[in-house]
Amino acid sequence: MSIKLKTTAKKSLPEKIQDWGTRHITLVKLIVSILYLVGVSGMAMSELRPYFQLLTPFHLLMTAGVMLAFHKDWNMPFLIFVALAWTLGYTSEVLGVHTGFPFGNYAYGPVLGVQLMEVPLMIGVNWLILVYLSGAFLKNLIRQDWLASLMGALIMVLIDFTIEPVAIALDFWSWEGNEIPLSNYLGWLGVAFIIHMIYRKLQFQKENQIASFLLLNLVAFFVILNFIL
């Protein structure tokens, strides 16, 4: 007589975090919305604004952390996407700051945290967040990779229209002559298109049940601050 032992596969840390998040997604959404509302309120009050400006890198990390916690497929193609999205976003900004191409002539302030080559390291995280969230939003809406990448890039340009006035007011960065050039938006379109194509072409599961909610909160954050600052 043989005895069959029941075995269960041990889950990885990302899987454990995702399981917890799935069971408590309403709570996670509530916490995210509260943090974004607190951020808007803090930035809106001139007395508190300097302190909330210092928290900006941590706010970006929070968004990235929640986004990644709900990502389902931690395979090698996904890790390659994360690395390339950060690297291409960051290096394009380094090129932009030092040469004016592809965005125009601008300089970063101290708000976004630690800098290397005069560009905050967090700006690569910002590119990763925006591409991932907009890409996840379009994943089931458009089948053609090139069209989805173009639409994703256009969404990011529209988001940048809302970000720019707020970023300037909060000293994230500043433009030469205090004017945002057309090249900024064309540069965003080009760089975003390339990273979106990488997102589409690499084979990893793109389902993320909180991605659209995060994108909505992020856009609302900047839209509201446009009316306040």
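This is a predicted model: local features need pLDDT of at least 70, side-chain atom pairs count only at pLDDT 80 or more; totals for chains, interfaces and linings use all residues.
At the start of H5, the backbone nitrogen of Phe78 has a side-chain oxygen of Asn75 within 3.0 Å. Just past the other end, Gly100 takes a positive phi of about 85°.

Phe78 also turns up among the buried residues of H5, along with Phe81, Ala85, Gly89, Tyr90, Ser92, Glu93, Val94, Gly96 and Val97. An α-helix has 3.6 residues a turn, so residues three or four places apart point the same way. As for what the buried residues of H5 pack against, the partners include helices as well as strands: helix H4 (56-69), helix H6 (122-138) and helix H8 (182-201) on the one hand, and strands E1 (106-108), E2 (115-116) and E3 (119-120) on the other.

H4 and H6 come up again in the largest pocket, where H2, H4, H6 and helix H9 (211-228) each supply at least two lining residues. The pocket has a volume of about 410 Å³. Its lining counts 22 residues, and the closest to the pocket centre are Leu55, Thr56, His59, Leu60 and Phe221. H4 gives the largest share of the lining, with six residues.

Asn184 counts as buried because its relative accessibility is 2%, under the 20% cut-off. Its side chain makes a polar contact of 3.2 Å with the side chain of Glu164. Leaving aside residues up to four places away in sequence, Asn184 touches Glu164 together with Phe103, Asp160 and Trp175.

Lys29, in helix H2 (residues 25-44), is another matter. With a relative accessibility of 27%, Lys29 counts as partly exposed, since that value falls between the 20% and 50% cut-offs. Once residues up to four places away in sequence are set aside, Lys29 touches Ile210 and Phe213. Leu116 lies 87 residues from Lys29 along the chain, and the C-alpha atoms of the two are separated by 33 Å.

Note on methods
Residues are numbered from 1 along each chain as its sequence is written. Side-chain values use heavy atoms; hydrogens and water are left out. Buried means under 20% relative accessible area, exposed over 50%, partly exposed in between (1.4 Å probe, protein chains only). Helices (H or I, at least four residues) and strands (E, at least two) are DSSP runs, numbered from the N terminus. Contact means heavy atoms within 4.5 Å. A polar contact is a pair of N or O atoms within 3.5 Å; within protein, one must be able to donate a hydrogen and the other to accept it, and residues adjacent in sequence count only if both atoms are side-chain atoms. On a 1 Å grid over the protein atoms alone, a cavity is a set of points where a 1.4 Å probe fits but cannot get out, and a pocket is an open set with protein on both sides within 12 Å along at least five of seven lines; lining residues have an atom within 4 Å of a point. Grid points are joined across faces, edges and corners, and a volume is the space filled by probe spheres set on the points.
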